[in-house]
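Please read these notes with the sequence and the model side by side. They take up one topic at a time.

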Amino acid sequence: MFITGEQKSNTVAYADFEKYEDQIVTITGTIHNIRMMSDFAFVILRTARETIQCVYAESFSNYRMGEDVKEECAAKITGKVVAGETKDGSKRYEVQIHDIELLSHPAEIPPVVITKKQVNCDLSTKLDYRPVTLRNPKERAIFKLQEGIQRGFREYLTKEGFTEIHSPKINFAGAEGGTNVFKLDYFGKQVYLAQSPQLYKQAMVAVYERVFEIAPVFRAEHHDTSRHLNEYISMDFEMGFIDSFEDIMNMEAGVLKYIMQLLKTEYKNEVELLHIEIPEIKEIPVLKFMEAKEILMKTFKYKPSDMKDFDPEEEQLLGKYAKKQFNSDFIFITHYPSKKRPFYTMDDPEDPEYTLSFDLLFRGLEITSGGQRVHDYNAQVEKMVKLGMNPEEFATYLMLHKYGAPPHGGLGLGLERLTMHLLGAKNVREATMFPRDINRVSP
Ligand code: AMO
């Protein structure tokens with residue numbers, strides 16, 4: 001026997017039904033819902049990305065429905081494609097069932113109802129039964145959409161000459177500083193789970209000039225908040241030979257425009273199912289950190305508790321400001337105080353209390369941090385020493401600087417946070433397939 005790699009399909013996709021009108025087709029999927037009527041039944045088949053309405057009636061079905069046909073049975077349905085109309089008058093195809101072959105039988109009925117328009121239970125129950133609740137069409141649409149976001153990020157950057165990389169997740173040091181780092185025993189040695197690909201993506205700038213990575217990162221967040229996860233997907237890029245950190249913000253605006261366009265066109269069904277309003281991005285307003293603080297104090301009469309960073313309420317107010325003032329769902333805040341940015345951030349030569357860095361807020365939530373990095377060896381060593389770090393511990397990272405690095409910068413974009421605010425969800429876990437938080441490592 002030989003395996004040729006040729007794929008033959010045993011199912012017809014709904015998108016191709018037009019070609020098969022009045023013809024007999026075979027489709028495979030899971031029986032999502034059975035609705036018995038007086039002399040016929042609707043059998044809704046859930047396929048990879050859609051649900052297909054099939055109709056059973058003794059008058060045209062060879063098959064005889066018995067008790068063995070249940071929701072969540074895997075099935076192969078053979079029948080005739082017929083055109084009909086939806087309530088709003090648009091054309092819709094259904095399949096008149098001639099035969100059903102059951103391929104598997106569930107041992108039990110699902111613990112949560114998944115056949116309704118949405119899963120109606122609290123978030124915790126929804127997450128407890130994630131492998132089942134994700135079968136609900138609306139629920140799974142979220143992660144199809146998330147595929148679109150990652151695809152857009154990858155396609156756009158590849159087109160812009162970026163190379164996709166994968167950096168190690170078991171590391172000698174935490175990349176972002178702070179205490180939220182998971183420690184790991186590595187054959188008797190203490191190592192850390194990657195907080196971000198920061199140190200490696202910078203190293204790779206001296207190799208490929210432009211790199212990106214989409215991968216999980218780990219943060220030992222001790223707080224149970226609606227916007228923090230302990231493991232999330234970070235979409236990172238790093239680019240060399242920048243003139244200023246504006247180049248990075250421009251690249252991000254380009255990426256986001258491309259992603260939104262892709263969602264509108266190739267993820268239209270999911271966007272409609274989830275009632276998502278895709279943001280229009282023309283140009284994104286930019287405010288300096290201190291300008292933003294002044295707006296908060298003057299326009300919103302807000303009394304900041306910390307002049308070095310924003311709290312969640314301040315971010316929300318800035319989101320409102322961006323919408324009202326510039327009709328923009330996004331706003332860049334630049335020049336964060338040096339004290340609050342990591343050791344690799346370049347200080348502003350014109351005012352070293354502040355940095356050449358930025359955050360991007362989307363509908364009032366930080367979704368990105370980024371900026372220009374220190375590329376000079378002596379400057380980086382000096383900054384580390386000033387921050388109480390031991391440069392010797394970072395000798396492998398400092399090879400980048402020691403042996404020459406171009407001016408560069410980049411950013412990290414949190415996939416779940418972006419998805420969360422696209423959905424208009426209140427909790428980032430809604431936008432996480434299998435969330436990891438302080439109380440949850442399963443399923
Ligand atoms: P930062 O630590 O700000 O920057 O993270 C970048 C983005 O990642 C997302 N994010 C999170 N999402 C969910 N749960 C969390 N606990 C969490 N923490 C962060 C946010 C945030 O804006 N190395 C830098 C990036 C860079 O400068 O290139 C970094 O990781 O959306």
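1. A word on classes comes first: Ala, Val, Leu, Ile, Met, Phe, Trp, Tyr, Cys and Pro count as nonpolar, Asp, Glu, Lys and Arg count as charged, and the others, Gly among them, count as polar. With those classes, the lining of the largest cavity has five nonpolar residues, two polar ones and no charged ones. Please keep in mind throughout that the model is predicted.

2. The cavity itself can now be placed. The structure holds one cavity of 30 Å³ or more. The space in the largest cavity comes to about 40 Å³. Its lining consists of Asn171, Phe172, Ala173, Ala175, Ser196, Leu199 and Tyr200.

3. In helix α4 (residues 198–208), Leu199, Gln202, Ala203 and Ala206 meet Tyr397, Leu400 and His401 of α10. By class, the residues of this contact are five nonpolar, two polar and no charged.

4. How do the axes of α4 and α10 cross? Helix α10 covers residues 395–402, and the two axes come within 9 Å and cross at roughly 30 degrees. Angles under 35 degrees count as roughly parallel, and α4 and α10 are therefore roughly parallel to each other. The crossing in which α4 passes α10 is left-handed.

5. Helix α10 has another contact, with helix α9 (residues 377–386). The axes of α9 and α10 come within 8 Å and cross at roughly 145 degrees. This crossing is right-handed. On the α9 side the contact is made by Tyr377, Gln380, Val381 and Met384, and on the α10 side by Tyr397, Leu398, His401 and Lys402. These residues divide into five nonpolar, two polar and one charged. Tyr397 and His401 are listed in the contact with α4 and in the contact with α9.

6. Next, look at helix α7 (residues 289–298) and helix α8 (residues 312–326), which pack at an angle of about 90 degrees with their axes 10 Å apart. Angles of 65 to 115 degrees count as roughly perpendicular, so α7 is roughly perpendicular to α8. Ala292, Lys293, Ile295 and Leu296 of α7 meet Glu314, Leu317, Leu318 and Tyr321 of α8. The contact of α7 with α8 has six nonpolar residues, no polar ones and two charged ones.

7. Which residues does Leu102 touch, leaving out those up to four places away in sequence? They are Ile31, Tyr63, Asp68, Val69, Cys73, Ala74 and Ala75. Leu102 belongs to strand β5 (residues 91–104). Lys76 is 26 residues from Leu102 in sequence, while the C-alpha atoms of the two are 6.4 Å apart in space.

8. Two backbone details deserve a check. Most residues other than glycine have a negative phi, and most peptide bonds are trans. Phe187, which is not a glycine, has a positive phi of about 50 degrees. Phe187 is in the loop between β8 (183–186) and β9 (189–193). The peptide bond from Ser442 to Pro443 is cis, with omega near -5 degrees. Pro443 is found in the segment after α11 (415–423).

Terms used
Residues are numbered from 1 along each chain as its sequence is written. This is a predicted model: local features need pLDDT of at least 70, side-chain atom pairs count only at pLDDT 80 or more; totals for chains, interfaces and linings use all residues. Side-chain values use heavy atoms; hydrogens and water are left out. On a 1 Å grid over the protein atoms alone, a cavity is a set of points where a 1.4 Å probe fits but cannot get out, and a pocket is an open set with protein on both sides within 12 Å along at least five of seven lines; lining residues have an atom within 4 Å of a point. Grid points are joined across faces, edges and corners, and a volume is the space filled by probe spheres set on the points. Axes are lines fitted to C-alpha atoms, for helices over the stretch in contact, and angles run from 0 to 180 degrees between N-to-C directions. Helices (H or I, at least four residues) and strands (E, at least two) are DSSP runs, numbered from the N terminus. Angles under 35 degrees count as roughly parallel, over 145 as roughly antiparallel, 65 to 115 as roughly perpendicular and the rest as oblique. A crossing is left-handed if the near helix is turned anticlockwise from the far one by less than a right angle, and right-handed if clockwise. Contact means heavy atoms within 4.5 Å.
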